[in-house]
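Please open the model in your viewer and keep the selection tool at hand.

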Amino acid sequence: MFYRFLYLGFKIYCFLFRPIRMGVRVVMIEDDKAWLVRHTYLSGWYLPGGGLKKWEALDQAAKREAREETGAELGKISLLGVFTSYAQWKTDHTSVFLCKDFKFVGGSDAEIAEMRAFPIHELPEDMYYLHRNFLTKYGEGKIKSNFGEW
C-alpha cells in the first residue's frame with residue numbers, strides 16, 4: 001500500500017513538473033525465456049529496471065536494478081539501444097541492455113511482488129505494452145535501430 005501511495009504522488013509530480021528522466025531496463029534471457037517482474041504498486045509485467053542514481057553509470061544502474069528487482073548478479077551485458085517515451089506527462093530516456101550471463105544470488109526487494117521467466121514467443125497478455133512490443137521485436141530479430149521511441 002505504501003508503494004501505491006508513493007506512485008500516486010509521483011504521478012502528480014509528473015503532471016505538475018513534466019520531468020525528463022534517465023533510466024535502464026535489462027532484457028535477461030535464459031533458454032529463450034525472458035525474466036520479467038511484477039511490481040507491488042503497478043499491474044502487469046515489466047522488464048527489470050529503474051532510474052539512475054546520482055553519479056551512477058548506465059551499466060552500473062542496470063546491474064544494480066537487476067540485483068534489486070530479481071536478485072541476479074549480471075555478468076557480461078551489452079547495450080541494445082536507447083529509447084524514449086513521452087507517456088504520463090514525462091520524458092523518459094531508457095537505455096536497454098541485454099544479458100544472457102547471470103546467476104540468481106538472492107531475492108528481490110519489497111517493491112517486487114513476483115518474478116518469472118516467460119518464453120519469448122509467449123509473453124503475458126498483461127505485460128506493459130512498450131516492453132512487450134520491444135521483446136516481441138527482439139524475439140523476431142526485428143530490432144532495426146538502437147534508438148528512437150519505444
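In which helix is Phe15 found? Select Phe15: this residue is found in helix 1, where helices (H or I, at least four residues) and strands (E, at least two) are DSSP runs, numbered from the N terminus. The model is predicted, so local features need pLDDT of at least 70 and side-chain atom pairs count only at pLDDT 80 or more, while totals for chains, interfaces and linings use all residues. Residues are numbered from 1 along each chain as its sequence is written, and side-chain values use heavy atoms, with hydrogens and water left out.

Phe15 is partly exposed, with a relative accessible area of 41%; buried means under 20%, exposed over 50%, and partly exposed in between (1.4 Å probe, protein chains only).

**The largest pocket**

Now select Tyr7, Phe10, Arg21, Arg25 and Tyr41, which lie nearest the centre of the largest pocket among its 32 lining residues. A pocket is an open set of points on a 1 Å grid where a 1.4 Å probe fits, with protein on both sides within 12 Å along at least five of seven lines; lining residues have an atom within 4 Å of a point. The volume of this pocket is about 880 Å³, counted as the space filled by probe spheres set on the points. Strand 1 (20-30) gives the largest share of the lining, five residues.

**The second largest pocket**

The second largest pocket has a volume of about 170 Å³. Select Phe83, Phe134, Lys137, Glu149 and Trp150, the closest to its centre of the 13 residues that line it. Helix 3 and strand 9 (147-149) each give two or more residues to this lining, and the largest share, four residues, comes from helix 3.

**The last stop**

Finally, select Asn146, in the loop between helix 3 and strand 9. Asn146 is partly exposed, with a relative accessible area of 45%.
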